[in-house]
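Here's a quick tour of a two-chain model, written for someone who likes to know the cut-offs. Have a look at the structure first, then read on.

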Amino acid sequence: MTAAPEHAPTMAKMSLADRLAPWMPLLLVPALCILGFLAIPNTGSWLTLTVAGLAMGMMIFIMASGLTLVFGLMDVINFGHGAFVSVGAFVGISVILALSHMAEAPSLMLNLIALLVAVIGAMLATGVMGWAFEKVIVEPVYGFHLKQILVTMGGLIVVEQLIIVLWGPEEIYISRPEMLKGAITFAGAALEKYRLVAVGIGLLVFAAMRLVLRHTKIGLIVRAGVQNGEMVQALGYRLRLVFIGVFIAGSALAGLGGVMWGLYQEVITAHMGNQAMILIFIVVIIGGLGSVEGCFIGALLVGLTQNYVAFLEPKLALISNIGLMVAILMWRPMGMIPVVKAK
Amino acid sequence: MSEPILKLEDVYTNIAQYHILQGVNLEVPAGAVTMLLGRNGVGKTTTLRTIIGHWRAHRGRILLDGEDITTLPTPSIARAGVGFVPEDMGIFSDLTVEENMVLAAVSGKLDSARLDWIFQAFPPLKTFWKSEAGTLSGGQKQMLSIARAMAEERRLYLIDEPTKGLAPAIVSTMARALRDLKNQGASVLLVEQNFAVAKALGDSANVMDDGRMIWSGEMAELATDAALQERLMGLSMEAH
């Protein structure tokens, strides 16, 4: 084939600021930790709060990660996402209660097995529910945002009422598996064992999502579909199947988050998912629609901010995350790492 | 002329309340470059988008090698061997050039010999292989868009205005790449406003107006007849 010698391309040398720009959101997490360290006089308290913030952030990330992909890939505003959190919590906690002999045994192995079975049960239940939710509720309203908001909120209400029918209207108080109760002391800080487990699970989920999205063909299709679904189809990929897969995976992740959130708060209610939706939406918006990395960083920022502010100025804790969202949107109006461009 | 690889029979396409295609008849011979010409807004892009299935034909039939693809979903049409280069290039800007190309290899891995051929045609793609496609210039994005369609052997290429808004040097590169594609015996349906490129590449030409095909014939005949050009397209294309 004939070569085209007329225009030999060269790489433009980027300025330091340009090279740092993509990493700026990532630097916010350590920057916030340092800020917290300077503001909190006691190192032990700071470490406790930091681990608590990271654990809370990880759980919010797990709940929100599916929603950001659904937003990005399917352009669906799913206000019913909280239903999967609630159902996941109820199914998971029911499994743990059924396996109480394992959960209450003084054996870390048995406790973790009980937790694993609960998580698998919750993810299976919410995955199946996600498939039905997409088929019955979401599919008829693709492309209609207002209808999506109304119909998915309706779906959330129906699911909440079904939970009340099945498990009753009362709050259910629970205790964590035996070996995950209590705290370990490190550098003068009391670090709750469960929070450390939550941080570990959150990191695993994030690593797994990155692995799938960055290093597999299906991940490539999802990332491309978030940007230009029509072109992905023109290349020969059935985006509809990818839509369903992402919706199921997102619902299952919300179910996992529900189990963890329930054990974290040690009480579950039919409305817990709905209540968590405020934090989930904040995280999805400040992270940038469709971005798993943005969602991860946003969740950590929300968790850390809430814990630091609650310690330093309890009265401001309720509005701290709204303030964080306002500040980030003033800096980056499309969120920290937007994948979906303005339509 | 050889058997058509693509045939449109009395195709109508509506977009909302607008009737864009109003009975299009078109034949694309195998192993040749067929030009689709006409003024802006006459339905050329809609014709291509209807063939690939982005928009549905409300009436008529689209036949690919004799098989009716009118109602097939877009992915099935693409997998039947139709490569599509849209007018807006359809680049995945947050993916690297490599990832864009990997995605284009639907049936498996990228063929290294084919990739060498693409790199020879479009050297910048090799230079920026690991760069995000969004950082490429307009011409390089267009090269990537065409290279993506060329990533695997297709039965038919639908290419929509590949030289639009490009500098003359890059237009030459595009024209050479398309000529090489043609020399390999590819079947191409090409929408092109640059008449010099159309004249150099086209074997046959079809001129549209108002959602219909108003003239079909040899490209050479259209290229040499200024009066015909003026009558069909309202201006002398030789001036371009």
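## Overall build of chain B

A compact globule of 240 residues would have a radius of gyration near 18 Å, and chain B comes in at 17 Å, which agrees. That radius is taken over C-alpha atoms, and the globule rule is 2.2 Å times the number of residues to the power 0.38. This is a predicted model, where local features need pLDDT of at least 70, side-chain atom pairs count only at pLDDT 80 or more, and totals for chains, interfaces and linings use all residues. Residues are numbered from 1 along each chain as its sequence is written, while chains are lettered from A and ligands numbered from 1 in the order in which they are written.

Chain B has 10 helices and 10 strands; these are DSSP runs numbered from the N terminus (helices H or I, at least four residues; strands E, at least two). Buried residues make up 48% of the 240 in chain B. Buried means 20 or more other C-beta atoms within 10 Å of the residue's own, exposed means 12 or fewer, and partly exposed is in between, with C-beta atoms placed from the backbone.

## Core and chain contact

The largest nonpolar core has 187 residues, and those with the most contacts inside it are A:Ile60, A:Val283 and B:Leu158. Such a core is a set of buried Ala, Val, Leu, Ile, Met, Phe, Trp, Tyr and Cys residues joined through C-beta atoms within 7 Å. Helix H3 of chain A (residues 43-74) gives the most to this core, with 20 residues.

Where the chains touch, chain A puts in 22 residues and chain B 31. A contact here is two C-beta atoms, placed from the backbone, within 7 Å.

## Helix H10 of chain B and its neighbours

H10(B), residues 226-233, buries B:Gln229, B:Leu232 and B:Met233. Those residues fall within an arc of 75° seen down the helix axis, so they line one face; the arc uses the directions from the axis to the C-beta atoms. The face turned away from them carries the exposed B:Ala227 and B:Arg231.

What does the buried side of H10(B) pack against? Its partners in chain B are strands S3 (33-37), S9 (204-209) and S10 (212-218), plus helix H9 (219-224). S3(B) and S9(B) pair in the parallel sense over 4 bridges, and S9(B) and S10(B) pair in the antiparallel sense over 6 bridges. Pairing needs at least two DSSP bridges between the strands.
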